[in-house]
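Subject: A structure for you to look at

Hello,

I am passing on a structure that you have not worked with before. Please open it alongside this email, and then read on for what turned up in it.

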Amino acid sequence: ELTAHGVDVIGIDIDEGLIAEYSDELAFVSRADSTDEAVLRQLGVNEVDRVVIAIGSDLQASILTASKLLKLGNKHIWAKAISEPHAEILHQLGVTNVVRPENDMGTRLAHLIRGHISDFLPIDADFVLARTTPPVRVADVPLASVGVRSRYGVTVVAFKRKTSQYWDIGDPDVTLYADDEILIAGHPKKVEAFSELDKDDDN
């Protein structure tokens, strides 16, 4: 994805097969041990703008690599963690950008499975963005007259008409229709409750 946006990416791994696979896609690839500080210096990793540690199940290699990179002075590091203790150790080392893809996907999937939300993006523990359709009770009237934020505790950030491929800002004077798509923001429980308003009506 980075290379598609014109970024020069250096790939380092101990797996010869991975090195061969990505040799034509990345600016530079090298079979090397990322836990070796001398090797990292030799490859010029201490001079790059950003570093991603995407090491999977080898916790020791992940933690040692993070430690060596921080020692080299790399400040912009993103590291994958496979568990809460792993994430905690990386944070304690000084890695500020710790990503837990399995955990994040599990949270997202739990909301998608219920069927009322078509996309779900956690921003923080108490704030999310969700993609859904407008409940019937807020459709066909201007948003300002519904009082979505005061009544339901969420904000309609943007909307997209069925006949359009573009999103637009959810201003108070906008009228939503049942076949629109909307982006709503707020606390996870309130976002979930808002997306299920039609379910309540059916009952």
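Which residue in β7 is the bridge partner of F120? Before the answer, one word of caution: this is a predicted model, and everything below is computed from it.

The partner of F120 is A130. A second pair links the two strands as well, with D119 bridged to R131 in β7. In total, five bridges join β6 to β7 (residues 127–132), and the two strands run antiparallel. They make a hairpin, with two residues between them.

Three strands make it up, in the order β3-β4-β5, and here the pairing is parallel. Its edges are β3 (51–53) and β5 (97–99); each has a single partner strand, so one side of each is left without a neighbour in the sheet. From one strand to the next, the twist averages 20°. Three bridges pair β3 with β4 (residues 77–80) in the parallel sense, and I53 has A79 in β4 as its bridge partner. Helix α3 (residues 59–72) lies across β3 and β4, and runs at about 160° to β3.

R100 sits in the loop between β5 and α5 (101–113). Which residues does R100 contact, leaving aside its neighbours within four places in sequence? They are A81, S83, E84 and A87. E84 is 16 residues from R100 along the chain, and the C-alpha atoms of the two are separated by 8.5 Å.

Next, the largest pocket. Its volume is about 1200 Å³. The lining has 34 residues, and I10, G11, I12, V52 and A54 lie nearest the centre. Two or more lining residues come from each of β1 (10–13), α1 (16–22), β3 and α3. Of the elements, β1 gives the most, with four residues. What classes of residue make up the lining? There are 23 nonpolar, five polar and six charged residues.

Finally, the charged pairs. Side chains of opposite charge can pair when their charged atoms come close. How many salt bridges does a search of the whole structure find? It finds seven. One of them joins R31 and E16, with 3.4 Å between the closest N and O atoms. Since R31 lies in strand β2 (residues 28–31) and E16 in helix α1, the pair ties together parts that are 15 residues apart in sequence.

Best wishes

Terms used: Residues numbered from 1 in each chain as written. Predicted model: local features only at pLDDT ≥ 70, side-chain atom pairs only at ≥ 80, totals over all residues. Heavy atoms only, no water. Pairing = 2+ DSSP bridges. Axes fitted to C-alpha atoms, helices over the stretch in contact; angles between N-to-C directions. Contact = heavy atoms within 4.5 Å. 1 Å grid on protein atoms, 1.4 Å probe; cavity = no way out; pocket = protein on both sides within 12 Å on 5 of 7 lines; lining within 4 Å. Points joined across faces, edges and corners; volume = space filled by probe spheres on them. Nonpolar A, V, L, I, M, F, W, Y, C, P; charged D, E, K, R; others polar. Salt bridge = Lys/Arg side-chain N within 4 Å of Asp/Glu carboxyl O.
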